[in-house]
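Subject: Structure handover

Hello,

Here is the structure I promised to pass on. Please open it first, then read the notes below.

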Amino acid sequence: MDFKEFKKEAEKEASLINSLSDLEKWRVKYLGRKSALSLFFHSLSQSSLQGKKRQGQEANKLREALSDLYNRKKDEIEKKLSIADKNFNFLDITQPGKKQVSGHLHPLTLVTREIVAAFEKMGFSIVEGSEIETEYYNFDALNMPSDHPAREMWDTLWLRSSHKVSIAPPAPRSPTLHSYGDGALWRAGNCQLPNSKLLLRTHTSPMQIRYMEKHQPPFRIIVPGRCFRYEATDASHEVQFHQIEGLMVGENITLSNFKAVIEEVIKDIFKQRVLVRFRPSYFPFVSPGVEVDIKIEPKACPERSRGIKSRAVAIDMERRRCSVAIAMEHRRQKSKVKDEWLEIMGAGMVHPALFKRVGYENNRWQGFAFGLGIERFAMIKYKINDIRLFFNSDIRFLEQF
Amino acid sequence: MKVSYEWLKNLLKSFQKGPDELASLLTMYLAETTVKTLGKRPVLDVELLSNQVSWASGHLSLSREISACLGKKFNFLKPILKEDSKILAKNFLSLEIQTSNCKYYSARVIKGVKVKESPKWLKDRLNDCGIQSINNLVDAANYVMLETGQPLHVFDFDALNPKQKLKKTIIVRQAKDKEKINTLDGKRYSLIKEMMVIADNNQPIALAGIKGGQETGVSKKTKNIILESANFKGSNIRLTSKALGLITDASWRFEHNLSFELTQYALERLAELIQQIAGGNILKGKIEKIQDISGWEKEKKEIPVKWGNWEKFLGWPIPKKKIKQNLSLLGFSFKEREKYLLIKPPMFRNDLEIKEDVMGEIARLEGMNNIPFILPQESLTLPQRNEFWIFREKIKDWLKDYKLEEVYNYSFVSEKDKNILPLEWQQKMIEIENPTSSLTKYLRPTLLVNFLKNVYDNFRFSEKIRFFEIGNIYSTKNESFVFGGVLAQKDISGDNSLFYQAKGIIENLFENFGVDSDDYEFKSLNKTEFSKLLAKGAAIFNGKNLIGVLGKPQKTLLENYNTEGEIIFWEIQLTSLFNLINEEREFRPLPKYPSVIRDISLLIPQNILIDVILTAIQAASPLLLEEVDLFDIYTGENLPQENKSLSFHLTFRANDHTLKNVEVDEEMEKIYKALKNIGAKIR
């Protein structure tokens with residue numbers, strides 16, 4: 001047996017050991033009953049006396065050296081562990097945790113989800129329509145023939161007339177899905193109906209007609225989606241925006257029912273801290289028309305700005321002081337927020353002409369329809385003051401939600 | 001619309017409310033109203049709804065509404081004229097209507113008026129409403145318009161075609177192309193045949209329903225006048241007003257199709273007022289022509305409403321007495337029958353056609369805000385699941401967990417963006433006929449363009465960008481939902497790690513949705529339209545269907561959008577993906593026998609695809625090899641050129657016994673051999 005080589009190897013291995021369990025493995029390997037060294041001692045019994053004495057001494061020295069090494073190593077590791085343990089006892093629970101990153105959903109997605117969830121609780125199903133529409137569905141079928149003055153309320157972006165676009169339901173396959181198409185696609189130009197000129201829908205209301213053409217009441221649906229207006233862009237106007245349309249039709253759905261359903265849903269979305277008010281309005285496809293306004297109760301805005309909250313986990317104290325300053329500034333600004341009513345929804349009782357147009361039995365059905373702007377909800381909820389922020393995709397904005 | 005508080009107060013007699021109170025009353029019962037100017041003469045701004053303009057744009061009608069809200073009935077006074085007993089107006093004026101855009105025209109002739117300044121009370125009221133005082137005749141016409149809502153005009157009798165000395169002619173007709181008119185404000189317009197004018201038998205004397213002509217306007221010398229009160233087709237007035245960019249108090253009202261009743265009432269009221277403030281002799285009789293008989297009759301139609309309708313539609317019981325009381329407050333008249341009411345709309349109102357309109361009016365008077373809260377008594381049905389919606393929302397949640405930010409970009413791209421795209425792409429883009437600016441001229445054919453702008457914009461704030469979007473893209477064939485993303489970093493890593501990250505995201509997502517890995521494959525981009533957009537990358541196919549792409553955008557694109565660094569983009573058709581998902585999972589029994597793991601490292605020329613290597617390994621040990629996991633890829637230093645080093649964990653398992661080392665050794669031998677056959681060196 002080459003004692004030198006054996007020692008060298010053992011020392012090399014020991015130098016890499018950091019844990020008690022590894023050290024134990026090392027001990028078994030070099031000092032254990034089945035180790036080369038033990039086997040050697042065992043074999044000594046068969047050696048000559050001379051050899052026994054010389055080799056035995058050497059082997060004993062080796063065993064002592066290795067035992068020493070073992071003990072030193074053990075001390076060393078235990079000491080390390082106890083320091084680590086001590087350090088653990090110095091746990092500073094006020095030190096910010098290590099930041100775990102995740103991406104963020106767009107505020108419009110978040111708000112849409114809340115609104116949709118509230119209506120789903122009331123039994124409304126989600127249906128979708130297409131963004132490219134025909135003039136017929138966007139206007140004529142909604143009681144707005146081409147010379148109707150109310151068309152002025154919906155400044156329209158028209159598609160170049162040479163285009164022929166299939167208007168198909170967005171959802172494929174499943175027959176249980178709510179969608180209006182049976183594969184019958186609309187094409188401008190070769191379509192039989194008048195006013196098949198194509199446009200970008202100015203509201204989600206065309207789905208009232210498309211849905212009713214394919215479904216018999218009773219039903220309750222909501223239609224979320226993107227809409228477009230010919231509009232000069234500024235802090236409160238955009239060429240594109242998002243709406244949720246709603247339609248509930250049955251034999252006995254009344255104006256009072258409308259009020260109750262909407263009030264419940266809005267209170268759910270704004271977590272009760274909201275006042276709702278109803279006043280007269282006008283849309284050609286309802287009668288009577290109603291406008292819904294809300295007022296966030298001034299006392300009840302403790303919802304903390306999420307931007308501030310995330311800043312509060314800033315690592316160094318300097319930053320923390322900053323965040324406190326920002327929070328105070330924010331509170332100051334909030335107290336200035338004017339106590340005013342905000343328009344959030346246009347609505348009314350479905351005009352009987354629509355029921356007639358889709359072929360429903362005369363005088364049998366009645367119900368309500370409404371349309372709300374998702375951006376408006378989001379701006380109120382998150383106190384966003386410029387609608388353009390939603391579509392500018394600025395990472396500093398997106399990360400706040 | 002500006003409304004004089006003093007005027008309303010005067011009309012309403014014992015009215016006690018202050019301007020603020022009045023504004024909030026109108027807001028809740030009619031239309032949104034704010035107090036514009038305070039001080040001695042407060043002015044209200046009433047934003048009439050589009051169906052209200054035709055009947056509520058005058059102080060009289062507003063007073064009727066306010067009275068009704070306060071529980072009092074408002075009565076319109078009947079104008080009282082002193083007509084000349086002998087001299088007939090028709091001997092001085094004849095009327096011809098040559099266009100169907102004029103539904104009704106009426107006129108009166110007054111001789112010997114005196115033009116002077118208006119009385120103060122009248123000037124003050126005009127001023128409240130934002131109209132400048134000119135002289136008593138013009139002011140009277142404006143005043144009666146503000147009072148009733150009917151626009152009116154006064155012509156200087158003698159200024160009409162001077163060749164006709166005694167008897168003048170008024171012709172309502174369409175303009176001739178390029179015909180000119182000088183208007184009262186000193187402007188000159190060139191007309192087209194779609195526009196309607198009032199003319200004498202020589203030239204146009206007014207832009208019908210919009211503005212009077214200069215030559216026939218009232219001047220200091222005016223002695224004899226013609227009063228016009230007409231009813232024009234709203235759509236034609238709107239067309240002219242829009243085409244000339246000329247919106248006036250008159251055109252705004254006419255656009256909304258006024259009632260015939262109002263036209264008649266206002267003419268008499270104007271004659272009365274002029275006589276009162278300018279004197280003159282009103283010639284006997286009015287000159288009038290009705291062109292639209294059916295419209296006339298429609299206004300007089302009665303609407304039957306059954307007693308049972310009220311509660312069924314509105315939702316709460318209203319006593320019969322209350323219904324009748326409210327109807328008369330609003331100015332309705334009605335005949336009572338046993339089972340229903342036969343209801344005639346209030347004076348000047350032509351916007352009420354069906355029973356729902358009438359019931360709505362009663363709800364409005366009760367106060368929309370006072371409607372009782374009653375939840376529907378519908379059967380309890382579960383909303384239908386919209387699987388496509390749920391699917392998209394799930395994608396969003398997962399991508400968020402993969403540390404991506406969700407964006408909502410514009411559906412539009414600009415003219416400039418279009419020109420940057422390859423011709424094949426340009427050809428299928430949808431163009432907007434009336435864009436708001438060059439920025440909204442086209443609909444996006446892919447999410448890529450706006451993503452590149454996002455990268456450029458955000459590189460100012462961030463070294464790394466990870467964005468995704470779910471939205472529509474548009475082509476001349478259709479619009480379709482896609483799910484796209486972009487990964488970008490300023491630093492150039494020199495390897496393809498971003499590409500593999502993106503690929504990993506897509507593969508994980510597919511796996512999460514239970515898409516069978518046999519259902520899709522990554523293939524060359526070459527034959528797809530995306531080869532023009534992406535310099536390198538992969539197309540994702542389901543059989544022969546292209547369902548998506550991922551890769552690095554063409555250099556020319558990156559240069560055009562000033563984006564440096566590395567960028568990987570992907571876009572996947574959501575309907576295609578949706579058709580492949582399979583979320584039904586089935587439990588696989590846990591293995592009974594342990595597995596054996598062996599590692600293997602090999603050196604292989606770079607151009608041998610991983611796919612080929614994996615196939616070779618799997619084919620060599622078809623039964624016992626359970627899983628192959630590529631855990632390390634290395635290229636670069638210390639390797640022979642054009643070679644890569646790959647390391648795999650190989651997991652072996654038999655389902656009926658514990659594997660012995662010898663068995664695994666045998667499998668490994670087979671694998672070594674297979675790998676050597678494709679040019680690998682085992683390390």
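What pLDDT does chain B average, and what share of the residues score at least 70? The average for chain B is 93, and 100% of the residues score at least 70. Keep in mind that this is a predicted model. Its overall scores are ipTM 0.88 and pTM 0.82.

**Confidence in chain A**

Chain A averages a pLDDT of 81. Here 81% of the residues score at least 70. Among the elements of chain A, S5(A) has the highest mean pLDDT, at 97. Helix H9 (residues 306-311) of chain A has the lowest, at 40. Two stretches need care. Residues 170-192 of chain A have a pLDDT below 50. That stretch still has 53 contacts in the model beyond near neighbours in sequence. Residues 300-325 of chain A also stay under 50. For them the model has 21 contacts beyond four places in sequence. Where pLDDT is low, the predicted coordinates should not be read in detail.

**Chain A: the sheet and its helices**

Chain A has 13 helices and nine strands. Of its 401 residues, 37% count as buried. Take the contacts in chain A between residues at least 6 apart in sequence: 72% of these join residues at least 24 apart.

Seven strands of chain A form an open sheet. The order is S1-S4-S5-S9-S8-S7-S6, and the pairing is mixed. Strand S1 (125-126) and S6 of chain A are at the edges. Each has a single partner strand, so one side of each has no neighbour in the sheet. For S6(A), eight bridges link it to strand S7 (residues 286-296) of chain A, in the antiparallel sense. Within that pair, A:Ser281 has A:Gly289 of S7(A) as its bridge partner.

Helix H5(A) packs on this sheet. It touches S1, strand S4 (219-228) and strand S5 (240-250) of chain A. The direction of H5(A) makes about 165° with that of S4(A).

H5 (residues 107-121) of chain A also packs with helix H12 (residues 374-382) of chain A. The angle is about 100°, and the axes are 9 Å apart. That makes the two helices, H5(A) and H12(A), roughly perpendicular. From H5(A), the contact uses A:Pro107, A:Leu108, A:Val111, A:Thr112 and A:Ile115. From H12(A), it uses A:Ile374, A:Glu375, A:Phe377, A:Ala378, A:Lys381 and A:Tyr382. By class, the residues of this contact are eight nonpolar, one polar and two charged.

**Where the chains meet**

How many residues does each chain bring to the contact? Chain B gives 76 and chain A gives 75. Helix H14 (residues 387-401) of chain B supplies the largest share of the chain B side, seven residues. The chain B side has 31 nonpolar, 25 polar and 20 charged residues.

H13(B) lies across S6, S7 and strand S8 (342-350) of chain A. It runs at about 30° to S7(A). The other is helix H2 (residues 19-29) of chain B. Its buried residues are B:Pro19, B:Leu22, B:Ala23, B:Leu26, B:Thr27, B:Met28 and B:Tyr29. What covers them? The cover includes strand S6 (274-281) of chain A. From chain B it includes helix H1 (5-11), strand S2 (33-37), strand S3 (43-46), helix H4 (59-69) and helix H13 (355-366).

**Strands of chain B**

Five strands of chain B form an open sheet in the order S5-S8-S11-S12-S13, with mixed pairing. Strand S12 (residues 204-207) of chain B pairs with S13(B) over two bridges, in the antiparallel sense. There, B:Leu207 has B:Lys211 as its bridge partner.

Next, a hairpin joins S18(B) to S19(B) through three residues. These strands, residues 333-336 and 340-344 of chain B, are antiparallel over four bridges. B:Lys335 has B:Leu342 of S19(B) as its bridge partner.

Further along, strand S29 (residues 596-605) of chain B pairs with strand S31 (residues 643-652) of chain B. They are antiparallel, over ten bridges. B:Ile597 stands opposite B:Thr651 in S31(B). S29(B) also joins strand S32 (residues 681-682) of chain B, antiparallel, by two bridges. In that pair B:Leu602 stands opposite B:Ile682.

Best wishes

Definitions and conventions: Residues are numbered from 1 along each chain as its sequence is written. Chains are lettered from A and ligands numbered from 1 in the order in which they are written. This is a predicted model: local features need pLDDT of at least 70, side-chain atom pairs count only at pLDDT 80 or more; totals for chains, interfaces and linings use all residues. A residue is buried if 20 or more other C-beta atoms lie within 10 Å of its own, exposed if 12 or fewer, and partly exposed in between; C-beta atoms are placed from the backbone. Two residues are in contact if their C-beta atoms, placed from the backbone, lie within 7 Å. Ala, Val, Leu, Ile, Met, Phe, Trp, Tyr, Cys and Pro count as nonpolar, Asp, Glu, Lys and Arg as charged, and the others, Gly among them, as polar. Axes are lines fitted to C-alpha atoms, for helices over the stretch in contact, and angles run from 0 to 180 degrees between N-to-C directions. Angles under 35 degrees count as roughly parallel, over 145 as roughly antiparallel, 65 to 115 as roughly perpendicular and the rest as oblique. Two strands pair if DSSP finds at least two bridges between them. pLDDT is the predictor's confidence in each residue, from 0 to 100.
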